[in-house]
Amino acid sequence: MPFASLVLVGRSDPRFPQVGNLVRGPLGAGVSIIDNADDTAVAGWLAAATALVFASRGEGFGFPVTEAFGQGTPAVVADAEMCIRDSH
């Protein structure tokens, strides 16, 4: 079975410390956090990704989805109006 990895790229949010705790714990095998990545780094990660998983319902404009498409990377998005609208 192929090994899959999950890379979380973005800024950590002190309101959700459990994300970092999960990665450092037993569920963290194959999970990496890239904190405070600049635009160039984000573009590179998106270009190298198999897919963007965008589960947020709080991102106001769906820019990460648009950025992924700009790199030729497909996106799996939450059922949120802005994501569906921006993915077409």
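pLDDT is the predictor's confidence in each residue, from 0 to 100. The protein here averages a pLDDT of 79, and 78% of its residues score at least 70. This is a predicted model, in which local features need pLDDT of at least 70 and side-chain atom pairs count only at pLDDT 80 or more, while totals for chains, interfaces and linings use all residues. Residues are numbered from 1 along each chain as its sequence is written, and side-chain values use heavy atoms, with hydrogens and water left out.

**Overall layout**

- The protein has four helices and four strands, where helices (H or I, at least four residues) and strands (E, at least two) are DSSP runs numbered from the N terminus.
- Along the sequence, these elements follow the pattern β-α-β-α-β-α-β-α.
- Where pLDDT is low, the predicted coordinates should not be read in detail.

**Inside the protein**

- Of the 88 residues, 16% count as buried; buried means under 20% relative accessible area, exposed over 50%, and partly exposed in between (1.4 Å probe, protein chains only).
- The largest nonpolar core has five residues: L46, L52, F54, V65 and A68.
- A nonpolar core is a set of buried Ala, Val, Leu, Ile, Met, Phe, Trp, Tyr and Cys residues joined through side-chain atoms within 4.5 Å.
- Strand β3 (52-54) and helix α3 (63-70) each supply at least two residues of the largest nonpolar core.
- Leaving aside residues up to four places away in sequence, L52 touches L46, P64, V65, A68, T73, P74, A75 and V76; contact means heavy atoms within 4.5 Å.

**On the surface**

- The protein exposes about 6400 Å², with carbon and sulfur atoms supplying 60% of it; accessible areas come from the Shrake-Rupley method with a 1.4 Å probe, and for residues only the protein chains shown count as cover.
- F16 sits in the loop between β1 (6-10) and α1 (17-24).
- F16 counts as partly exposed because its relative accessibility is 42%.

**A backbone detail to look for**

- N36 is found in the loop between β2 (31-35) and α2.
- Phi of N36 is near 55°, a positive value in a residue other than glycine.
- Most residues other than glycine have a negative phi.
- N36 counts as exposed because its relative accessibility is 55%.
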